[in-house]
Amino acid sequence: MLAPPVPEMSMETEHGGHEEESAMLPCVAFSSEHGYKFFSLAHMRMLNSVDVRPMPPVLGRRLVPSPYGGMVLATDVCYRHPCHLVDPFTGSRAPLPDLPIPFSEKEPVGCLSDEPRLRCARVTDDGLAWDWSRRGVMVARGDTAFFCEHGGERWMPVHQSKLGSPMTVNYRGGLFFVLELRTLKTTIIDAGTLQARTKIPAPPGFGDVDYAYLAPSTDDAILLVHRAGDSDGVVFTKAYRARHRDSQRPPRWRPVLDIGDRAVFVDGAHGFTVTADPTGAKANRVYVILAHQLTHPCGRLAVAYDVGFTDLTRPERMGRLNLNTGEVEPMWGRPHWIIPRNESGRR
C-alpha cells in the first residue's frame, strides 16, 4: 500500500519558498503485450525489471500516468477490475472508488441557442483526465471534475464545465489547473481547500479549436492551441502565457514566442515544463510523443513510438529523436510522459 497521505500545505510551508523547475527528462510510458514499458530520455534506453516493477498486460485496462511523482491511474473500461493508483517504480498500490458518473450523464446539458445539441459520449470515450496532490486525487469525466481524498471511499464534485466540455487536469505547486477544452477557460483550484482561487478566460478571438494543451508551472502557465483549419501535422499553431501568482491583475492569456530557459512537454493527458539543459531539453522547445503506424506484409498492424520536437517560434518544423522503443499492437492505448518519483519529487 502507499504511504499515508500528507496534509496539503502551502507552497511556502512545504518547500520553503517558490519551487524550482526541474531539469530532469521524463520517460515515455506505454502499454504493450509484454506489460507496461518505459523509455528513459535521460538514459536513452528502455528501462528493465531492475528499474521498474513488472505490470502485466490486461485487456481493457486503461493506464494514465501523472507526469510528476511516478503514479499511474489504472481504470477498466469494462468495469471488471477495480480502480486504483499504482507506482510502477516501487510496486505500491492504493485502491480508489469506482469512477464517478458525470453530471452530463445524469441530467440534460445546457446549450446556448446558437449551439448544436451535444451527443452523448460513449462510456469508453468519457474524456478521462486526472492528477493527484498530497491530499488526494482529482478526476474529470465528461463535464464534471471530482475529488477523492487518499484512503477515501467517495468522489466529491468540485467543478462542472460549460457546454458539456471535456477537461484536462494538471497539478502543480499546490494547485489544480482545470482546462475546459471546448471553451478554453481555465479554473485554478487550491489543492488544500478545493476552492477556485482564480480563473483565466479564453484567449481573445480563439475561434474553433481542434485541441489545446495546458502546461502549468508554479508562477505561470503555457497554453498551446491548434486552431481548426490550421496546418495539419503540427502540434500547435499558437502559444500563450499567463501569470497566475503574485500578479496585481487577474491572469490573462497573452501570445508568446519565448518562454525563457524552459521547454514544454505535452501529451493527450498532461503538460509540464522543465528547465533547459545543454545535455537535456533545449530551451523554447515543445516535445510531444509521436506514434508511427506500421503495416506488416502479413497484415498485422503495429505502432512505434518516437519523440518529436519543435521550436515555439516555428511550430511547422518538426524534428525527431529517433528512439528505438520497439513495436506494440495499437489496441493497448496511448503513450504518456512520466517522471520517476525519486527523480522528480512531488511539487
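Analyst: Before we start, contact here means heavy atoms within 4.5 Å, and the model under discussion is a predicted one.

User: Leaving aside neighbours within four places in sequence, with which residues is L41 in contact?

Analyst: L41 belongs to the largest nonpolar core, a set of 21 residues, and is listed there with V28, F265, Y287 and W337 as the members that touch the most others. Once the neighbours within four places in sequence are set aside, the residues in contact with L41 are L25, P26, F265, V307, L321, L323 and W337.

User: Is L184 buried or exposed?

Analyst: L184 is located in the loop that runs between β13 (175-180) and β14 (186-190), and its phi is positive, about 60°, although the residue is not a glycine. Most residues other than glycine have a negative phi. Because its relative accessible area is 0%, and buried means under 20%, L184 is buried.

User: And N322, is that residue buried or exposed?

Analyst: N322 also has a positive phi without being a glycine, here of about 55°, and it is found in the loop between β24 (314-320) and β25 (336-338). Since the relative accessible area of N322 is 62%, and exposed means over 50%, N322 is exposed.

User: Which backbone nitrogen does the side chain of S133 reach?

Analyst: S133 sits in the loop between β8 (129-132) and β9 (136-141), and because its relative accessibility is 0% it counts as buried. At 3.2 Å, the side chain of S133 reaches the backbone nitrogen of R135.

User: How many residues lie between β16 and β17 in the hairpin they form?

Analyst: Strand β16 (residues 209-216) pairs with strand β17 (residues 220-227) in the antiparallel sense, over seven bridges. Within this pairing, P216 stands opposite A221 in β17. The number of residues between β16 and β17 in their hairpin is three.

Key: Residues are numbered from 1 along each chain as its sequence is written. This is a predicted model: local features need pLDDT of at least 70, side-chain atom pairs count only at pLDDT 80 or more; totals for chains, interfaces and linings use all residues. Side-chain values use heavy atoms; hydrogens and water are left out. Helices (H or I, at least four residues) and strands (E, at least two) are DSSP runs, numbered from the N terminus. Buried means under 20% relative accessible area, exposed over 50%, partly exposed in between (1.4 Å probe, protein chains only). A polar contact is a pair of N or O atoms within 3.5 Å; within protein, one must be able to donate a hydrogen and the other to accept it, and residues adjacent in sequence count only if both atoms are side-chain atoms. Two strands pair if DSSP finds at least two bridges between them. A nonpolar core is a set of buried Ala, Val, Leu, Ile, Met, Phe, Trp, Tyr and Cys residues joined through side-chain atoms within 4.5 Å.
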